[in-house]
Amino acid sequence: MTTQTGIPPAETGGERRSWLREHSELGVCVLLLGLGVLVLTDALTMDIDIAQRGPVGPKTVPVVVGAGLLVIAALLAVDVLRGGWGQAEGGEDIDLSEPADWRTVLLLAGVFLGAAVLVEPLGFPVAGALLFWGAAFALGSRRIDRDPLIAAGLSLVTYTVFNNLLGVPLPGGPLMGVL
């Protein structure tokens with residue numbers, strides 16, 4: 001027996017929604033699957049010059065990460081379909097009845113966006129210092145005597161490690177001649 005839509009009565013309305021609600025973790029599986037396919041597609045279509053390759057090429061890590069995402073998506077889907085489900089968060093320092101702190105979220109998003117916009121004209125050392133200082137401010141630190149110095153130090157150390165030690169060129173901006 002089927003309804004006018006051709007769907008058996010057991011699969012109509014509420015029961016279908018109930019099944020989807022009980023298996024909502026499958027959405028995470030789909031997200032992981034899509035992300036894994038995207039990472040693998042980008043990695044496998046990457047143009048590399050064979051002369052610039054070392055023993056482990058630039059495709060290695062993205063292929064491993066993409067394959068790992070696909071495996072995790074499959075394992076999670078199997079677990080969910082077998083009846084597994086995640087426990088609700090019950091951390092001791094989390095009050096789930098409190099609303100989200102959107103001011104902090106928006107401040108952090110603004111700081112990240114500002115650093116991304118300023119990294120090219122000002123260089124990484126200045127933009128990174130503003131990023132570290134802004135993140136500390138957004139997360140509640142109000143030590144204006146100490147925070148800018150720590151942020152500048154972190155930014156310079158990060159710039160030096162990436163630019164000089166790891167060989168990852170970062171924009172130096174106006175400080176290019178000094179550093």
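Leu113 is exposed, because its relative accessible area is 57%; here exposed means over 50%, buried means under 20%, and partly exposed lies in between, judged with a 1.4 Å probe on protein chains only. Leu113 sits in helix H4.

A word on what you are looking at: this is a predicted model, in which local features need pLDDT of at least 70, side-chain atom pairs count only at pLDDT 80 or more, and totals for chains, interfaces and linings use all residues. Residues are numbered from 1 along each chain as its sequence is written, and side-chain values use heavy atoms, with hydrogens and water left out.

**The overall picture**

How many helices and strands does the protein have? The secondary structure comes to 6 helices and 0 strands, so the elements read α-α-α-α-α-α from the N terminus on; helices (H or I, at least four residues) and strands (E, at least two) are DSSP runs, numbered from the N terminus. The protein has 179 residues, and 18% of them count as buried. Its accessible surface comes to about 13000 Å², with 68% belonging to carbon and sulfur atoms; such areas come from the Shrake-Rupley method with a 1.4 Å probe, and for residues only the protein chains shown count as cover. Among contacts (heavy atoms within 4.5 Å) between residues at least 6 apart in sequence, 56% join residues at least 24 apart.

**A nonpolar patch**

Together with Val117, Leu118, Leu130, Trp133 and Ile144, Leu113 forms a nonpolar patch with about 580 Å² of accessible area. Helix H4 (102-122) and helix H5 (124-138) are the elements that give two or more residues to this patch, and H4 provides the largest share, 3 residues. Patches are made of residues with over 30% relative accessible area and no salt bridge, where like charges are joined within 9 Å and nonpolar side chains (Val, Leu, Ile, Met, Phe, Trp, Tyr) within 5 Å.

**Charged partners**

A salt bridge is a side-chain nitrogen of Lys or Arg within 4 Å of a carboxyl oxygen of Asp or Glu. By this rule the count comes to 2, and here they are:

| Asp145 | Arg143 | 3.3 Å |

Ser155 belongs to helix H6 (residues 147-165). Why does Ser155 count as buried? Ser155 counts as buried because its relative accessibility is 0%. Leaving aside residues up to four places away in sequence, Ser155 touches Phe124, Pro125, Gly128, Ala129 and Phe132.

Leu154 is also found in helix H6, and it counts as partly exposed because its relative accessibility is 44%. Leu154 and Pro125 are 29 residues apart in sequence, and their C-alpha atoms are 8.9 Å apart in space.
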